[in-house]
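Please keep the sequence and the 3D view at hand.

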Amino acid sequence: MMYLMNEGSLTLPFDYADSSMTILKFPEQKSSLTIVRGEMPPELSLAETVELQRNLFQREFKTVVLGDTRDVVLGNALALKGKEFFCMFDRSNIKQYQMNLLIKQRSCFITFSYTQLHAFTNEDLASWERIKSDFTPDPQWFQSVTEAPHE
């Protein structure tokens with residue numbers, strides 16, 4: 001099933017930066033997908049941005065297990081390079097298992113966090129792979145974050 005993130009459009013009287021979050025719940029699978037958009041200083045590399053996110057997990061949770069970071073490609077048409085890692089943490093005595101993927105272009109970043117309350121099975125990981133590979137970025141957004149700034 002295709003999910004479109006844009007519910008409509010607004011005409012705004014000033015410039016803006018998208019710092020929003022979308023949470024999609026999958027009740028049958030007892031899992032969710034959280035998509036966070038925001039900005040980071042353009043001088044921070046993707047690897048540095050991922051390390052900041054990993055450090056947040058370590059500071060926020062008493063019990064946390066972080067997997068190795070690996071390079072991935074998000075999407076199939078206009079593929080975006082990103083980094084992903086596994087995380088398990090304990091929130092209010094409830095273990096949560098999460099696959100995290102982060103992409104960053106200049107100052108814009110997007111994170112995808114696929115979360116569930118049980119360890120990932122092969123079927124769960126196959127669903128995560130489908131989510132990543134089927135992502136189709138909006139061409140206008142893709143162009144705005146990948147083209148060189150005008151001087």
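## Strand pairing

Two strands pair if DSSP finds at least two bridges between them. Helices (H or I, at least four residues) and strands (E, at least two) are DSSP runs, numbered from the N terminus. This is a predicted model: local features need pLDDT of at least 70, side-chain atom pairs count only at pLDDT 80 or more, and totals for chains, interfaces and linings use all residues. Residues are numbered from 1 along each chain as its sequence is written, and side-chain values use heavy atoms, leaving out hydrogens and water.

Strand E1 (residues 21-26) pairs with E2 in the antiparallel sense over six bridges. Thr22 has Ile35 in E2 as its bridge partner. The hairpin of E1 and E2 has four residues between the strands, and Lys30 takes a positive phi near 55 degrees there. E2 also pairs with E7, in the antiparallel sense, over nine bridges. Ser31 has Gln116 in E7 as its bridge partner.

Strand E2 (residues 31-39) is mostly covered, with seven of its nine residues buried. Buried means under 20% relative accessible area, exposed over 50%, and partly exposed in between (1.4 Å probe, protein chains only).

## Helix H1

Helix H1 (residues 46-60) has 15 residues. From first C-alpha to last, H1 reaches 21 Å, close to the 21 Å expected at 1.5 Å a residue. The expected span is 1.5 Å times one less than the number of residues.

Leu46, Thr49, Val50, Gln53, Arg54 and Phe57 are buried in H1. They cover an arc of only 140 degrees around the axis, which puts them on the same side of H1. The arc is that of the directions from the helix axis to the C-beta atoms. The buried residues of H1 pack against strand E3 (64-66), E5, strand E6 (94-105) and E7; contact means heavy atoms within 4.5 Å.

## Aromatic pairs

The structure holds nine aromatic pairs. Rings of Phe, Tyr and Trp (its six-membered ring) pair if their centres lie within 6.5 Å; planes under 30 degrees apart count as stacked, over 60 as edge-to-face and the rest as tilted. The ring centres of Phe86 and Phe120 are 6.3 Å apart and the planes stand at 75 degrees, so this pair is edge-to-face. Phe86 is in strand E5 (residues 80-91), and Phe120 is in the loop between strand E7 (108-116) and helix H2 (122-133). Phe86 is partly exposed, at 26% relative accessible area, whereas Phe120 is buried, at 17%.

Tyr114 and Trp128 are stacked, at 5.8 Å centre to centre and 5 degrees between the planes. Both Tyr114 and Trp128 are buried. Phe26, Phe86, Tyr114, Phe120 and Trp128 form one aromatic cluster.
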